[in-house]
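Please look over the sequence and the structure below before reading on. The briefing that follows groups its points by topic.

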Amino acid sequence: MKISTKGRYALRLMLDIALNDAKTPVRIKDIAERQQISDKYLEQIVSSLNKAGFVKSLRGPQGGYRLTKKPEEYTVGMILRLIEGSLAPVACLDDDINNCTRADRCPTLILWKKLYDAISEVVDNITLADLISWQKNMK
């Protein structure tokens with residue numbers, strides 16, 4: 001399983017907003033410069049985050065984006081699933097109910113479930129606050 005560029009950039013965008021919105025909303029142009037990502041691409045990503053209520057947009061000369069919640073309330077899994085969709089390694093695990101006709105006799109399904117559980121365990125237990133802490137420890 002590979003996380004797309006869009007998913008990785010969404011995490012970087014959310015982290016950048018969390019790190020930089022102390023006094024004023026964060027502008028996409030500033031995020032693009034700091035992260036070395038196209039502002040047009042970031043606008044597409046932030047649109048999805050805004051529609052989902054992860055960030056809020058503030059208009060005007062002092063406008064930009066802010067998080068709608070505290071960093072500790074966002075998990076990496078929440079952000080990745082919004083942008084990527086399912087993080088399941090195989091299609092038969094995408095839905096709550098496995099409709100595969102081979103599910104009851106598929107030994108590899110056990111492997112895929114274990115892999116999916118491991119991925120979920122990691123991404124659902126690391127928050128944006130954890131990423132902020134890791135970022136600050138790197139300086």
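Is aspartate 124 buried, partly exposed or exposed? Aspartate 124 counts as partly exposed, at 31% relative accessibility; buried means under 20% relative accessible area, exposed over 50%, and partly exposed in between (1.4 Å probe, protein chains only).

This is a predicted model, in which local features need pLDDT of at least 70 and side-chain atom pairs count only at pLDDT 80 or more, while totals for chains, interfaces and linings use all residues. Residues are numbered from 1 along each chain as its sequence is written, and side-chain values use heavy atoms, with hydrogens and water left out.

**Overall layout**

- The protein has 6 helices and 2 strands; helices (H or I, at least four residues) and strands (E, at least two) are DSSP runs, numbered from the N terminus.
- Along the sequence these elements follow the pattern α-α-α-β-β-α-α-α.
- A box of roughly 60 × 30 × 25 Å, taken along the principal axes, holds the C-alpha atoms.
- Of the 139 residues in the protein, 36% are buried.
- Among contacts (heavy atoms within 4.5 Å) with a separation of 6 or more, 63% are between residues 24 or more positions apart.

**Helix H2 and the residue after it**

- Helix H2 spans residues 28-35, and its residues Ile28, Ile31, Ala32 and Gln35 are buried.
- These residues lie on the same side of H2 because they cover an arc of only 100° around the axis, the arc being that of the directions from the helix axis to the C-beta atoms.
- An α-helix has 3.6 residues a turn, so residues three or four places apart point the same way.
- The buried residues of H2 pack against helix H1 (5-20), helix H3 (39-51) and strand S2 (64-67).
- Glutamine 35 touches Arg12 and Asp16, not counting residues up to four places away in sequence.
- The side chains of glutamine 35 and aspartate 16 are joined by a polar contact of 3.0 Å; a polar contact is a pair of N or O atoms within 3.5 Å, where within protein one must be able to donate a hydrogen and the other to accept it, and residues adjacent in sequence count only if both atoms are side-chain atoms.
- Glutamine 36, in the loop between H2 and H3, has a positive phi of about 55° although it is not a glycine.
- Glutamine 36 is exposed, with a relative accessible area of 73%.

**H1 against H3**

- The axes of H1 and H3 come within 10 Å and cross at roughly 75°; axes are lines fitted to C-alpha atoms, for helices over the stretch in contact, and angles run from 0 to 180 degrees between N-to-C directions.
- Thr5, Lys6, Tyr9, Ala10, Leu13 and Met14 in H1 meet Tyr41, Leu42, Ile45, Val46 and Leu49 in H3.

**The loop between H5 and H6**

- Aspartate 124 is in the loop between H5 and H6.
- Leaving aside neighbours within four places in sequence, aspartate 124 is in contact with Thr75, Gly77 and Arg81.
- A polar contact of 2.7 Å links the side chains of aspartate 124 and arginine 81.
- Threonine 127 is in the loop between helix H5 (107-123) and helix H6 (128-137), and this threonine is buried, with a relative accessible area of 13%.
- A polar atom of the side chain of threonine 127 lies 3.2 Å from the backbone nitrogen of alanine 129.
- Not counting residues up to four places away in sequence, threonine 127 touches Pro71, Glu72, Tyr74 and Thr75.
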